[in-house]
Amino acid sequence: MTIHSVVIQKLLSTNAHLGRRVVADHLKPYAYGVRNGMAVLDSDKTLISLRTACAFIGALARNNARFMFVNTNPLFDEIFDQMTKKIHLYNPNQNTLWRTGGFLTNSRSPKKFRSRNKKLCFAPPQPPDCVVILDTERKSSVVLEADRLQIPVVAIVDSSMPLDIYKRIAYPVPANDSVQFVYLFCNLITKTFLAEQKRFAKRDSSIDAADVSSKIENSEEAKRVEESENVGVSPKDEVVVVPYESLTPISQDSAEAKELLEKLVVLKFNGALGKEMGFNGPKSAIEVCKGSTVLDLIVKQIESLNSKYGCNVPLLLMNTAKTNDDTVKVVEKYPNSNIVMLNTSDGQASENEMYPSDHDMLFLSLMNGGTLDVLLSQGKEYILVVGSDNVAAVVDPNILNHLIQNKLEYCMEVTPTTLFDTNNSILNSNQQKFQLAEIARNSNEHSADKFKLIDTRSLWVNLRAIKRLVDTDALKIENYTVSKGGKNDKIISPKTAAGSAIQFFDHAIGISVPQSHYLPMNATSDLLLLQSDLYTSNNGVLVRNSARTNSLNPSIILGPEFGKVSDLLSRFKSFPSIVELDSLNVTGDVWFGADVTLKGRVNIVAKPGMKLEIPDRAVLHNKDISDPIDI
């Protein structure tokens, strides 16, 4: 019998799996089923939640944090007293504090109040760093007050816990609050505290023993750090970039591939609006390839993976109030797909805002909404975050396989700039180190002499690493050092927006993906590329026309007359063939007929007051057109 089985049997013996007659919708993921009219909680998920809560308590205890334990059930008094004594938090003069819990909002100006037992006590002189509640149903008011003060709550919750209370609990432990389970819960907390206190004592003794030698080393290290700060470069300012070609392909065994993909969840930012293209809605709702929207492409990719390997890779869509309704209309076409809508405030997931804060808000939104804990309870280990702009983003199992095999926490997909890729083919075979200042946030801001790589806006992150960072309060927006790197901005820091979050992770890399994995859609000229015969889609993956011999896409510049999506669609009867096109420059009142073919370099400039109409089936090869006679 495995250790896991023994622990599960221990949980079952405490009746932790017995729920109430009613199971709230938000707690159904923790329910195993119903028997004799009573809900049965999933012991595996209870165990995962229990371990997560203890890990969080241990992380705080390691930093000598303040705890507040709340209990009003007389049945738990003896258990409670034993726990607080063992972890040295018992105070006989203020023991009623543990019974009543106090009023958190009185912490800044302690006041006397009466408890149910008519005993007087004071609120704590300082607000705690964590509140642990055993009988949540009795002390829901404490949960509300802790949420008001932004204090994380660890609490036992039953299957009928109201959503208003549940969503304010950072670490819910779904279980029946029987005396046996409360004893087990308090025993685990006690062991966690004692282990951290023992570790802290060992650390102090080792520091004392090595105090003299460490002073010398620290002085030398301080000099090195000072020198590093003077030149503006530290180890966190660079990233090892691995070529995509060196990755080991996933196993052809469908069972192994299924087990691998079951650990993945995909999240797509869906907050970017198409305002700069005159589109009143999210960018992801714009049709880009043979009637498919950007959102259709990512859904079809995931459906293809799930169908091929028999796995269940869910898609999370982080919407805003402005993008939610249009997104719902698109996903209605996929009733059988596992698509979860995550709504957030407009500022949190907007791709029009600064890139690193998007990811920071993502981590915090996942944590505060309980989504992160649910994903971990489902066995998910990695999340692929896909930006709204990159139409050619690929859900690549080979990258996931590489991350799991090498136990990596963070991976950003990058692709070489055109000039760097041409002059440095060695990147295709060997990994290299790049400073983050050499990675552009997107293709519109890069120049050959400033940036070597482009961030594709596809990011792979280990979910447990996110959990660790949020638990220790390491992810804060003010900790980011960001430079937009725009045309009128100066790079004042080596940390560019492309890699600002990488500084928080222990094992992070970049992977240089092919340029075919990156195709941003920021203007109608990009939409023309996608709508033409240059691209088709295969199970949601963009495929470039093999008939094109040039490795680069055509350069397309359209005048303001084509600036809106509606203008672009109205001025083309059908999109032209551009497989052999090198560059296209169109300015003025120009209209295209059906089945037009463009080759080489084509410049079409309509003079003010003149209307140029390109006839049906016209073939323009290396043409300069400024008058109808030139056609």
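**Entry 1: nonpolar cores**

I began with the largest nonpolar core, which has 39 residues, and those with the most contacts inside it are Val288, Met521, Leu542, Val590 and Ile604. I took a nonpolar core to be a set of buried Ala, Val, Leu, Ile, Met, Phe, Trp, Tyr and Cys residues joined through side-chain atoms within 4.5 Å. I counted a residue as buried under 20% relative accessible area, exposed over 50% and partly exposed in between (1.4 Å probe, protein chains only). Helix α17, residues 524-531, gives the most to this core, with four residues. I then noted a second, separate core of 37 residues, which includes Leu315, Val330, Leu408 and Ile511. In soluble globular proteins, nonpolar side chains tend to be buried together.

I next asked which residues Met521 touches. Leaving out residues up to four places away in sequence, I found among them Met277, Val288, Val391, Asp526 and Leu530. A contact here means heavy atoms within 4.5 Å.

**Entry 2: basis of the model**

I recorded that this is a predicted model, in which local features need pLDDT of at least 70, side-chain atom pairs count only at pLDDT 80 or more, and totals for chains, interfaces and linings use all residues. Residues are numbered from 1 along each chain as its sequence is written, and side-chain values use heavy atoms, with hydrogens and water left out.

The pLDDT is the predictor's confidence in each residue, from 0 to 100. I noted a mean pLDDT of 75 for the protein chain, with 71% of its residues at 70 or more. Over residues 106-123 pLDDT stays under 50, and the model has 32 contacts beyond four places in sequence for them. Over residues 477-499 pLDDT also stays under 50, with 53 such contacts.

**Entry 3: a parallel sheet**

I looked up an open sheet of four strands in the order β3-β6-β7-β8, with parallel pairing. Helices (H or I, at least four residues) and strands (E, at least two) are DSSP runs, numbered from the N terminus. Two strands pair if DSSP finds at least two bridges between them. β3 (67-70) and β8 (171-174) stand at the edges with a single partner strand each, so one side of each is left without a neighbour in the sheet. I read an average twist of 15° from one strand to the next; axes are lines fitted to C-alpha atoms, for helices over the stretch in contact, and angles run from 0 to 180 degrees between N-to-C directions.

β3 and β6 (residues 130-133) pair in the parallel sense over four bridges. I asked which residue in β6 is the bridge partner of Met68. The partner is Val131.

**Entry 4: salt bridges**

My search of the whole structure gave 14 salt bridges, each a side-chain nitrogen of Lys or Arg within 4 Å of a carboxyl oxygen of Asp or Glu. Arg168 forms one with Asp147, the closest N and O atoms being 3.1 Å apart. This pair links distant parts of the chain, 21 residues apart: Arg168 lies in the loop between α6 (163-166) and β8, and Asp147 in helix α5 (residues 140-148). Arg168 is partly exposed at 24% relative accessible area, and Asp147 is partly exposed at 35%.

Asp164 and Arg168 also meet in a salt bridge, at 2.6 Å from N to O.
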